[in-house]
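Visitor: I would like to go through this structure by question and answer. Please start with the chain as a whole and then turn to single residues.

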Amino acid sequence: MQSDTQLARSLLSAAAVRERAHELFAIAEAGGLAEWRVDLARLPVAADLTAETVRTNYPSLDVPFHARWRHFTAAGRDLWAEADRPADPMELGRAAFDLVIPSVLLDAGAGMAWRYRDAATGAELSRSEGLGVASLRFWEAGGLEDLRAVDAASVAAAFQVSDDNPLVGVEGRAALLRRVGEAIGRPAALFDEMAARAQGGRLPVPAILEVLLDRLGPIWPGRLSLGGLPLGDCWCHPAVEGFVPLHKLSQWMAYSLIEPLQWAGIEVTDIDGLTGLAEYRNGGLFVDTGVLALKDPADAGRAHPVEGSLVVGWRALTVALLDRTAPLVRDRLGVSAEAFPLARVLEGGTWAAGRRIAKQLRADGGPPIAVVSDGTVF
């Protein structure tokens, strides 16, 4: 019999996310989830929209990985390429970790009203792109040098927050960065730890996630723990015993650390060892194409807590459906799983298609389900 500590460690992996997501999906297929029904006959619609979106965004199918690096652009300019960066590959990797880890943690949903105006380019940006550019400028100005010193006021100033330009969860974001500083000091420390784990210059992506879940586990506020170990983005659902791990931000971070490690000369392997991301663009794609439907339509007009069974179920079903959608998308594009891993399907991709259909169906382009979050999940 597993001890609580052993059970907790077993939940801190992408494999655990995938296993439990597919377990919940099987229950949903059999009609056993109280809030959701699944219509797999609609899955080709989601795959068609995703493949069409990939071809529109990347006609040559040269799709990069789904990563935070895609959001450091404004007015057609690659702001990371323009930044003052170290020439030494290892130092470049460390600098990239110091930027991208806080930037990912700042990337939870901004809310519909927030905008960022970038003085250098004149661009006005919202959502993930705005959060990305704002965090890069924050890093360039030295605001991320000591994460322990970050407070709500500095985040609000860097992100141009005002009564007329509100950003969801400012205090939560600042507190999260402070806890990172308290847990590991500089994020560059994780670069050295991961580089040391490489065997023969090769590092599998699941090992990246394992380091993140182990070292950053204490940073998440008010989350479940087991055997003295914090479980992070891990929840309960009445349809299954035990826990439902999702680890969305940690996996988003792991995807975003692939390129810095590659820049440092480390070969990153097993890209599909991570799962799809349980967030509202991917999840919205399946709701908006009819693959997922609420059993009670009135739930669409309510705000739901992130720990509630409706949201936990939605997120888990999203992970399982992304695994089912990826092969259909590859078939439509005529590409192999080796050439087009899930990280490209997400970027090209399901995330972009989710945003696209949201804009078509709702004036504000927001998600189909309103989620009450503290700025550290979505």
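Guide: The model shown is predicted. Its protein chain holds 14 helices and 14 strands.

Visitor: What radius of gyration does the protein chain have, and what does the globule rule give for 378 residues?
Guide: For 378 residues the globule rule gives 21 Å. The protein chain comes close to that value, so it is as compact as a globular protein of that length. Its radius of gyration is 20 Å.

Visitor: Which share of the residues in the protein chain is buried?
Guide: A residue counts as buried when its relative accessible area is under 20%. Of the 378 residues in the protein chain, the buried ones make up 56%.

Visitor: Which share of the contacts with a separation of 6 or more joins residues 24 or more positions apart?
Guide: Contact here means heavy atoms within 4.5 Å. Among contacts in the protein chain with a separation of 6 or more, the share from residues 24 or more positions apart is 78%.

Visitor: How far apart are the mean positions of the positive and negative charges?
Guide: The protein chain has 37 positive and 48 negative charges. The distance between their mean positions is 3 Å.

Visitor: Is asparagine 282 buried or exposed?
Guide: Asparagine 282 is part of helix α12, residues 280-288. Its relative accessible area is 0%. The limit for a buried residue is under 20%, so asparagine 282 is buried.

Visitor: Which backbone atoms does the side chain of asparagine 282 reach?
Guide: Residues touched by asparagine 282 include Leu277 and Trp351. At 3.1 Å, its side chain reaches the backbone oxygen of leucine 277. At 3.2 Å, the side chain of asparagine 282 reaches the backbone nitrogen of tryptophan 351.

Visitor: Where does leucine 33 lie, and how far in space is it from serine 309?
Guide: Leucine 33 sits in the loop between α2 (14-29) and β1 (36-38), and at 1% relative accessibility it counts as buried. Beyond its neighbours within four places in sequence, its contacts include His237, Lys295 and Leu317. Leucine 33 and serine 309 are 276 residues apart in sequence, but C-alpha to C-alpha the distance is 9.2 Å.

Methods: Residues numbered from 1 in each chain as written. Predicted model: local features only at pLDDT ≥ 70, side-chain atom pairs only at ≥ 80, totals over all residues. Heavy atoms only, no water. Helix = DSSP H or I, 4+ residues; strand = E, 2+ residues; numbered from the N terminus. Buried < 20%, exposed > 50% of the residue type's maximum accessible area, 1.4 Å probe, protein only. Polar contact = N/O pair within 3.5 Å; in protein donor to acceptor, adjacent residues only side chain to side chain. Rg over C-alpha atoms; globule rule 2.2 N^0.38 Å. Lys, Arg positive; Asp, Glu negative; His and termini not counted. Charge placed at Lys NZ, Arg CZ, Asp CG, Glu CD.
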